[in-house]
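Here is a short briefing on one protein fold. Look over the sequence and the structure first, then read on.

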Amino acid sequence: EGSPYTTDPQTHGPHTNFLAAWGVHKDHAPKAVLVHNMEDSGVIVWYSPTLASADTVKRLTEIVQRYPKHVVLTPYPPLTTPIALTAWQRILRLQEIDEQKVVGFIDAYRGIDHHVR
């Protein structure tokens with residue numbers, strides 16, 4: 001069975017009608033939930049539990065905690081890079097933590113509502 005998503009992690013596509021809580025998650029939220037978060041102005045910061053170092057996860061946590069809403073940090077075991085950031089139809093993959101790139105992506109894409117009007 002093929003995936004309904006054209007990217008992994010996904011940047012748009014089928015989604016639920018409820019949201020994951022904004023902020024730091026210790027467990028991976030379902031893809032369809034996180035797609036709705038992106039549609040509702042969110043940026044998702046994904047990390048590989050096996051490829052990202054403990055220091056990388058700590059630094060990503062500190063960055064995400066600066067934002068009261070519209071940003072989610074989640075582990076994602078299938079990730080093929082240590083870090084990926086997604087927003088609606090946007091993706092940035094990183095081999096290592098680069099705070100300027102992470103914050104730049106979040107600031108560029110969070111807060112943009114993508115509901116069809």
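In which sense do β4 and β5 pair, and over how many bridges? They pair in the antiparallel sense, over five bridges. Keep in mind that this is a predicted model. The points below cover the sheet, the helices and the cores.

**The sheet**
- Five strands form an open sheet with mixed pairing.
- Their order is β1-β3-β2-β4-β5.
- β1 (23-24) and β5 (90-94) are the edge strands, and each pairs on one side only.
- Thr 86 stands opposite Ile 91 in β5.

**The helices across the strands**
- Helix α1 (residues 31-39) lies across β2, β3 and β4.
- Helix α1 runs at about 140° to β2.
- α3 lies across β2, β3, β4 and β5.
- The angle between α3 and β5 is about 170°.

**The nonpolar cores**
- In soluble globular proteins, nonpolar side chains tend to be buried together.
- Here the largest nonpolar core has 20 residues.
- Val 45, Leu 60, Ile 63, Leu 85, Val 102 and Ile 106 have the most contacts inside this core.
- At least two residues of this core come from each of β2 (43-47), α2 (54-64), β3 (71-75), β4 (83-87) and α3 (99-109).

**A closer look at Ile 63**
- Set aside the neighbours of Ile 63 within four places in sequence. Ile 63 is then in contact with Ile 97, Glu 99, Val 102, Val 103 and Ile 106.
- Val 102 and Ile 106 are also listed with Ile 63 among the residues with the most contacts inside the largest core.

Notes. Residues numbered from 1 in each chain as written. Predicted model: local features only at pLDDT ≥ 70, side-chain atom pairs only at ≥ 80, totals over all residues. Heavy atoms only, no water. Core = buried A, V, L, I, M, F, W, Y, C linked by side-chain atoms within 4.5 Å. Buried < 20%, exposed > 50% of the residue type's maximum accessible area, 1.4 Å probe, protein only. Helix = DSSP H or I, 4+ residues; strand = E, 2+ residues; numbered from the N terminus. Contact = heavy atoms within 4.5 Å. Pairing = 2+ DSSP bridges. Axes fitted to C-alpha atoms, helices over the stretch in contact; angles between N-to-C directions.
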